[in-house]
Each structure stands twice: as structure tokens, then as C-alpha cells.
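Hi,

Here is the structure I said I would pass on.

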Number of protein chains: 2
Amino acid sequence: MADPQCHGLSETCRKGAGKRTTMPVEAKPAVVSEVAPIPTAPCGACKFLRRKCVSGCIFAPHFGSDQGAAKFAAVHKVFGASNVSKLLLHIPMNRRHDAVVTISYEAQARLSDPVYGCVSTILSLQQQ
Amino acid sequence: MADPQCHGLSETCRKGAGKRTTMPVEAKPAVVSEVAPIPTAPCGACKFLRRKCVSGCIFAPHFGSDQGAAKFAAVHKVFGASNVSKLLLHIPMNRRHDAVVTISYEAQARLSDPVYGCVSTILSLQQQ
């Protein structure tokens, strides 16, 4: 699964291992990582939902830790976390990014225009 | 509030009253209606949600008893009943019909095309 946080963690571990080989006296970080793993930031969705971001979180690849929470807030308000999660589960991995982009667009449009949402864009394009 | 079911009930009551005036021996229906009111069909949303359709149900004016349940099923799956209810509550009465039409359209489009939803229509219109 394409989880940027997992990659980030692996990268940190690899760097730590390399450091230990060249400087054996600094073995402490490796021991610490075994006892208490370096905490990674939760994804934007989990940050918004104030829940633990587990490995393989379905939202993590699409809602980054920095800007993702604000983006997810709109999606959550309009569609709900559970509905979006179920929807994404039924979409192949390589198409989920497009799905999240369109869902976010629809959510933003519905918050801007509660009556017409993104359908206002369709109507105005049809009238052109 | 424009509640078609309330109008339906009033119509039934008026007919009952008229009948009683011309045929006094058939006063029974009026007595029955005092003890146990004639049950009205729940709106499509409440039928789908298997709940009691109360007077002033926010969905009743937009999801009829016949076709409304199927229409609501799509809206429920994509947006969720609670989210749509909250959204409609913040829209003036006279604009809610348009909101329900566009929400239903978006829901149907998302079920037909889980990746792009109605955004596929926007993209194809923009390419024309």
C-alpha cells in the first residue's frame, strides 16, 4: 500500500542503521526506537477526526498531515468519513487519488453553494 | 409547511365529513378517526430508513411515498441522511426543492461513476 508515512518511517530507520554502523558509540537511537517508536504525524483525516492514524489508513495517502485536515473537514461535513471510506474501498488503488480530488471538489462546491453545489457549474457550462 | 401528506389527510377528512352530512347513518368513520387516526404512508426517506414519518419531516416534501424511497437510497448511500438533513435545515424552504434535485443528481452520478461522479460531466463539458 502506498503509505507515505510508512516510507518516511523506513527512511528514518535506514538512516539510523547507517549511522550506527559508522559510529558504534551512538547505538542509543536504535535501542530507543525499539522501545518507543518515533511517533509519526497522523494524516489530515485522522488529525481532524482526533483518532490514531493506523498503518494502512485509507485516508493517509490522500490527506496530508499539513493541509489535509482542512481539506478533509469539507469532505467530512458533506459526505461523512464513513461514506467516503466505503466508497474508496470499492475503488482500485490507482484510481483513488482521482476519486478524492473529485469528492473534495464536490464537497467544497456544496459548502460554497448549498443549493446547487457543483451542479451550478454544469448548468452554466450547458448554457454556454 | 408544504406537506403533501397533511394535504392528503385533510382531503380525506373533508370527504369523510361530506359523506356524513349526506348519510348520517355512516357516522362511524368520523368516530374512528378520533380514536385512531387513519395512518398515512410514510415519506420515501422514512420508508427507506424504516422510521416513523413525523409531521414536519424535513424529507417528506421532497421524497414521495411511491418513488421517493429509491431516490433517497442513493442520497443516503452517498451523503447520509444526517448530513442531508443538516444541509436542508440551513436552506430556505423555497430553495430546498432545488437542493434536493441537485443532491439526488450528484448521488446518482457518484453511484454510476464512483471515481469522477458528476465531475465527469463538468470535465467533458469543459473539453467541448
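**What I found**

Of the 128 residues in chain A, 36% count as buried (under 20% relative accessible area, with over 50% called exposed and anything in between partly exposed; 1.4 Å probe, protein chains only). Before you go further: this is a predicted model, in which local features need pLDDT of at least 70 and side-chain atom pairs count only at pLDDT 80 or more, while totals for chains, interfaces and linings use all residues. Residues are numbered from 1 along each chain as its sequence is written, chains are lettered from A and ligands numbered from 1 in the order in which they are written, and side-chain values use heavy atoms, with hydrogens and water left out.

**Chain A by itself**

Taking contacts (heavy atoms within 4.5 Å) in chain A with a separation of 6 or more, 52% are between residues 24 or more positions apart. The chain exposes about 7900 Å², with 60% of it from carbon and sulfur atoms (Shrake-Rupley method, 1.4 Å probe; for residues, only the protein chains shown count as cover).

Helix α4(A) has a set of buried residues: Gly68(A), Ala69(A), Phe72(A), Ala74(A), Val75(A) and Val78(A). What covers them includes α3, α5 (81-89) and α6 (93-112) of chain A, together with α5 of chain B. After α4(A) comes Gly80(A), which has a positive phi near 90 degrees.

If you check backbone torsions, look at Arg50(A), which has a positive phi of about 50 degrees although it is not a glycine. Arg50(A) sits in the loop between α3 (44-49) and α4 (68-78) of chain A, and it is exposed at 79% relative accessibility. In chain B, Arg50(B) also has a positive phi, near 50 degrees. Arg50(B) is in the loop between α3 (44-49) and α4 of chain B and is exposed, with a relative accessible area of 79%.

**Where the two chains meet**

The contact takes 26 residues from chain B and 26 residues from chain A. About 2300 Å² is buried between them (accessible area, 1.4 Å probe, that the two parts lose on being put together, summed over both), and carbon and sulfur atoms give 65% of that. The count of residue pairs in polar contact between the chains is 12, both residues being at pLDDT 80 or more (a polar contact is a pair of N or O atoms within 3.5 Å; within protein, one must be able to donate a hydrogen and the other to accept it, and residues adjacent in sequence count only if both atoms are side-chain atoms).

On the chain B side, the elements that give two or more residues are α4 (68-78), α5 (81-89), α6 (93-112) and α7 (119-127). Of these, α6(B) gives the most, with 8 residues. The residues on that side divide into 14 nonpolar (Ala, Val, Leu, Ile, Met, Phe, Trp, Tyr, Cys and Pro), 5 charged (Asp, Glu, Lys and Arg) and 7 polar (the others, Gly among them).

How many salt bridges does the structure hold over all chains? There are 2 (a side-chain nitrogen of Lys or Arg within 4 Å of a carboxyl oxygen of Asp or Glu), and the rule finds 2 across the interface of chain B and chain A. In one, Glu106(A) pairs with Arg110(B), the closest N and O atoms being 2.5 Å apart. This pair crosses from helix α6 of chain A to helix α6 of chain B, and both residues are buried. In another, Glu106(B) meets Arg110(A) at 2.6 Å, N to O. Glu106(B) lies in helix α6 of chain B and Arg110(A) in helix α6 of chain A, so this pair joins two chains. Glu106(B) and Arg110(A) are buried.

Arg110(A) has another partner: its side chain makes a polar contact with the side chain of Thr102(B) at 3.2 Å. Thr102(B) is in helix α6 of chain B and is buried, at 4% relative accessibility. Not counting residues up to four places away in sequence, Thr102(B) touches Arg110(A), Val115(A), Tyr116(A) and Val119(A).

Also in helix α6 of chain B is Ser104(B), buried with a relative accessible area of 9%. A polar atom of the Ser104(B) side chain lies 2.8 Å from the backbone oxygen of Val100(B). Leaving aside neighbours within four places in sequence, Ser104(B) is in contact with Phe63(B), Lys71(B) and Val75(B).

Cheers

Terms used. Helix = DSSP H or I, 4+ residues; strand = E, 2+ residues; numbered from the N terminus.
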